[in-house]
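Reader: Could you take me through this complex, beginning with the DNA side and then moving on to how the chains meet?

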2 protein chains.
Amino acid sequence: MARRSLKLAGREIEEPEDGDAAAVELISLSDIVGYALRRAQMAVFEDFGRRFAALNLSPAQYSTLATIGDNPGRKQSEISAALGIQRPNFVVLMDELERRGLAERTRSGDDRRSNALALTASGVELLKRARALQGEQEAAVEAILGGEERKTLVAALRKLAREI
Amino acid sequence: MARRSLKLAGREIEEPEDGDAAAVELISLSDIVGYALRRAQMAVFEDFGRRFAALNLSPAQYSTLATIGDNPGRKQSEISAALGIQRPNFVVLMDELERRGLAERTRSGDDRRSNALALTASGVELLKRARALQGEQEAAVEAILGGEERKTLVAALRKLAREI
DNA sequence: GGGATTTAGTTATGAATAATAACGAATACC
DNA sequence: GGTATTCGTTATTATTCATAACTAAATCCC
C-alpha cells in the first residue's frame, strides 16, 4: 500500500509506517562527542546510584569523602576548588557529611577564617566500603570495554576536560 | 622548619605546607571512569554553551531539533523516548521551540491523541547553522584527541551507555 | 456495542543540582 | 591604621530531573 502523506509545517512529508515505529534515528547525534558523553554519564551515574544505594552516598558525596581522605587537613575551599564545586554548594554538602558524622571541620590554627577538613573514624570506614563498591563498578566497565580501552577512555576524557 | 602537626578528628596529621597549597590531589578519583566522564561532560557542555550562545540553544534543544529534523512526522513520545527525555519535561521543551517558531506540533490524523512533530522553515534554517557550530566543536575535539581517538572515544561511550 | 484498560499529551509539583549576590570575620596589603 | 581581599556562610534563584494525576482518544474484549 502507498505511504500516506502528511502536511507538516507547510511541507509534504512521508508519514512513517508502523514498521518504523521502533526506530527513531539519532543519526545527527550518533557521532557527536558531547551527546555520547551525556548518555554515557547518565548511564554510569544510574549504575552508581544502584551500587551505592545501601551506603546512601551520591557521586558528589563519594568524591568529597575520597578527596578529603586523600588530602586530610586541607582547607574547605581547596577541596571544593579541586572538585570543581562552588563554595556555597560545598557548604551544604559538608553540612550533610558532618551531620552524618563522616567528616569534620576544624577551625585552622594559622588562618582562623578557614576550615581544615578531615574524615572521622566512621568516615574512614565508610570510605573503605565505598571504595570497594567503586572498584566493582570499575571492574564492570572493564568487563565491557576491556582493561586497555578503559585506560584509554579515562586518558581521553581527562585530556578533553583539561584542554577544551 | 618542622611541619606543624594538627589534631583532626582525633588523629594527628601533618598540616600541609604552603608549598603544597596548589596541589590538592584527586588520586582516588583520577582513574575512575565515572568521575572522568563527569568532568569531561561539564567541560564539553560549557564549550557548547559558549559556541551556541548566539543561537540561544541548549544542548537539549539542539538535540531535539536535530532529531526532529532526522525524523519528521514522528510522534512526540517517540522523539522524547529516543532522546531519553521524560515526557513531561519534553512538553515544556517543545513549548519553547514552538513559541520560538522553530518546530510545530500537528495533531496526527490516524491517532488523534498524538502529535506529529516537524521543523518549521526557520527551524530548518537554524538547525543548519547549529550543525555548522556543532561541526566546529567536533573539529576542536579532533584537534585535541586526533581523528582516530575521537572515533574510538565515541564508540567506547556508546558501548558503555548501552551495556552498563 | 459498550464498559474497562491503555496510551499520548499535559499540568502541577517536588527533589536535586547549580549559579549569584551579599555579609561577617579574619587576614593581607601598603 | 585603613583599605582590600579571602574564607565560610546565608539567602535566593535558576535549571534540571522525576513523579503523580488528569483529559482525551484509542484499544481490548466479552
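**DNA surfaces and chain contacts**

Reader: What classes do the residues near DNA strand C divide into?

Author: The surface near DNA strand C has five nonpolar, seven polar and seven charged residues, where Ala, Val, Leu, Ile, Met, Phe, Trp, Tyr, Cys and Pro count as nonpolar, Asp, Glu, Lys and Arg as charged, and the others, Gly among them, as polar. This is a predicted model, in which local features need pLDDT of at least 70, side-chain atom pairs count only at pLDDT 80 or more, and totals for chains, interfaces and linings use all residues. Residues are numbered from 1 along each chain as its sequence is written, while chains are lettered from A and ligands numbered from 1 in the order in which they are written.

Reader: What about DNA strand D, which helix gives the most?

Author: For the surface near DNA strand D that is H4(A), with four residues.

Reader: Switching topic, how many residues of chain A are in contact with chain B?

Author: 72 residues of chain A are in contact with 72 of chain B, contact meaning C-beta atoms, placed from the backbone, within 7 Å. H1(A) supplies the largest share of chain A's side, 15 residues.

Terms used. Contact = placed C-beta atoms within 7 Å. Helix = DSSP H or I, 4+ residues; strand = E, 2+ residues; numbered from the N terminus.
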